[in-house]
Amino acid sequence: MEALWHRRLEEYLRGEGSLTAADMENRATKGSNYNERLLEEVLEDFRAARGTFVRALDALDLETVARTAHHPRLDRPMRLVDMCFFAAEHDDHHLAAIHSLLR
């Protein structure tokens, strides 16, 4: 998902009218062989990618964060700040699933 968030951020920055659609078949995730990798390595890669994303967001002004683009699956305009909230909700969904599995 990190690649999609980065791609969409670039689309907002370029002022594009619509966002890249997510691959609902998760081909990139399935092709990454996460189950074959060490957990520490996966987490390190995630932290690096998310850190780059957050630093890019931190550098933006309020006008840029308020830009809108069409979200293809939701079929509605979405502000950049809303896309970030959407990403956080996506993370929360997975963290809740992990928590449930650990219990």
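**Close-up views of the predicted model**

**View 1. Helix 5 and what covers it.** Leu80, Met83 and Ala87 are buried in helix 5, where buried means under 20% relative accessible area, exposed means over 50%, and partly exposed lies in between, computed with a 1.4 Å probe and protein chains only. This is a predicted model, in which local features need pLDDT of at least 70 and side-chain atom pairs count only at pLDDT 80 or more, whereas totals for chains, interfaces and linings use all residues. Residues are numbered from 1 along each chain as its sequence is written, and side-chain values use heavy atoms, with hydrogens and water left out. Helices (H or I, at least four residues) and strands (E, at least two) are DSSP runs numbered from the N terminus. Helix 5 covers residues 80–102, and its 23 residues reach 33 Å from the first C-alpha to the last, close to the 33 Å expected at 1.5 Å a residue; the expected span of a helix is 1.5 Å times one less than its number of residues. The cover over the buried residues of helix 5 includes helix 1 (2–14), helix 3 (39–58), helix 4 (62–65) and strand 2.

**View 2. Helix 1 and the residue that follows it.** The end C-alpha atoms of helix 1 are 19 Å apart, which agrees with the 18 Å that its 13 residues should span at 1.5 Å a residue. Its buried residues are Glu2, Leu4, Trp5, Arg8, Leu9, Glu11 and Tyr12, and among the elements that cover them are helix 3, strand 1, strand 2 and helix 5. Just after helix 1, glycine 15 takes a positive phi of about 75°.

View 3. Strand 1 (residues 68–71) and strand 2 (residues 76–79) run antiparallel and are joined by four bridges, two strands being paired if DSSP finds at least two bridges between them. Threonine 68 has arginine 79 of strand 2 as its bridge partner. Four residues lie between the strands of this hairpin, in which aspartate 75 takes a positive phi near 55°.

**View 4. Histidine 71 and its surroundings.** Histidine 71 is found in strand 1, and it counts as buried because its relative accessibility is 1%. Residues up to four places away in sequence set aside, histidine 71 touches Arg8, Leu19, Arg76, Met78 and Phe86, where contact means heavy atoms within 4.5 Å. The side chain of histidine 71 is joined to that of arginine 8 by a polar contact of 3.5 Å. A polar contact is a pair of N or O atoms within 3.5 Å; within protein, one must be able to donate a hydrogen and the other to accept it, and residues adjacent in sequence count only if both atoms are side-chain atoms.

**View 5. Histidine 90 in helix 5.** Histidine 90 lies in helix 5 and, at 24% relative accessibility, counts as partly exposed. Its neighbours within four places in sequence left aside, histidine 90 is in contact with Met1 and Trp5, while its side chain makes a polar contact of 3.3 Å with the side chain of histidine 94. The C-alpha atoms of histidine 90 and leucine 102, which are twelve residues apart along the chain, are separated by 19 Å.

**View 6. Salt bridges.** A salt bridge is a side-chain nitrogen of Lys or Arg within 4 Å of a carboxyl oxygen of Asp or Glu, and by this rule the count comes to eight. One of them links glutamate 41 to arginine 37 (2.7 Å, N to O); glutamate 41 is partly exposed, with a relative accessible area of 38%, and arginine 37 is partly exposed as well, at 25%. Arginine 79 forms a salt bridge with aspartate 82, the closest N and O atoms being 2.9 Å apart; arginine 79 is partly exposed at 39%, and aspartate 82 is partly exposed at 24%. Glutamate 25 meets arginine 27 in a salt bridge (3.5 Å, N to O), and arginine 27 is exposed, with a relative accessible area of 55%. Glu2, Arg50 and Asp91 are linked in a network of salt bridges.
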